[in-house]
Amino acid sequence: MHFYAELVNFFTRSLNDRDAARDVVQESYARVLRMQARSAVAHDLRALLFRTGKNIVIDEARRRKAEEAVLETLSLVKRDDAPSAQQEVEARQQLDRLLARLNAMPRKRREVFVLVRVYGFSHAEAAQHMMVSEAAVEKHVVRAVCDCMGLRGA
């Protein structure tokens, strides 16, 4: 594998963890190979691997940040403020309906929606991450919201 050692050394320095760096590099190669399988041509494979790896690191940092925010919010809920069993069931049913609608969406629409509405990406950030235009991101978000609200026939 070309660039493997260089990539591992680079991400080891930035993550201070050689095992995590190896995971990032492995995932970078997997994503790039999937892109190439879809007939995407990489003009600079090395740059694409580095960019993909950096995106993976950024995604993981965002995921951890979102997780910490949820945990922090949950820690603010006092025992008396905790939802009743009925509220929990209703919330779980709403979550199930949302997940069903997300699963029924086309893959790209779902990914854009999750990046923007769950992880808080701006439309520009999501466009760069997904390698699509901002206009495409806006259309996907609008369609996804309509899908979630049940305004469109699946």
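The questions and answers below concern aromatic rings and charged side chains in a predicted model.

In this predicted model, local features need pLDDT of at least 70 and side-chain atom pairs count only at pLDDT 80 or more, while totals for chains, interfaces and linings use all residues. Residues are numbered from 1 along each chain as its sequence is written, and side-chain values use heavy atoms, with hydrogens and water left out.

Reader: How many aromatic pairs does the structure hold?
Author: Rings of Phe, Tyr and Trp (its six-membered ring) pair if their centres lie within 6.5 Å, and planes under 30 degrees apart count as stacked, over 60 as edge-to-face and the rest as tilted. By that rule, the number of aromatic pairs in the structure is three.

Reader: What is the angle between the planes of Phe10 and Phe11?
Author: Phe10 and Phe11 form an aromatic pair with ring centres 4.9 Å apart. The pair is edge-to-face, because planes over 60 degrees apart count as such, and the angle between these two planes is 85 degrees.

Reader: Is Phe11 buried or exposed?
Author: Buried means under 20% relative accessible area, exposed over 50%, and partly exposed in between (1.4 Å probe, protein chains only). Phe10, with a relative accessible area of 28%, is therefore partly exposed. Phe11 has a relative accessibility of 1%, so Phe11 counts as buried.

Reader: Which residue lies over the face of Phe121?
Author: A charge sits over a ring if NZ of Lys or CZ of Arg is within 6 Å of the ring centre and within 35 degrees of the ring normal. At 3.8 Å from the ring centre of Phe121, the residue over its face is Arg62.

Reader: Which residue forms a salt bridge with Glu111?
Author: A salt bridge is a side-chain nitrogen of Lys or Arg within 4 Å of a carboxyl oxygen of Asp or Glu. With the closest N and O atoms 3.1 Å apart, the partner of Glu111 is Arg107.

Reader: How many residues apart in sequence are the parts that Arg109 and Asp147 tie together?
Author: Arg109 and Asp147 form a salt bridge whose closest N and O atoms are 2.5 Å apart, and both residues are buried. Because Arg109 lies in helix α5 and Asp147 in helix α7 (residues 134–149), the pair ties together parts whose separation in sequence is 38 residues.

How values were computed. Helix = DSSP H or I, 4+ residues; strand = E, 2+ residues; numbered from the N terminus.
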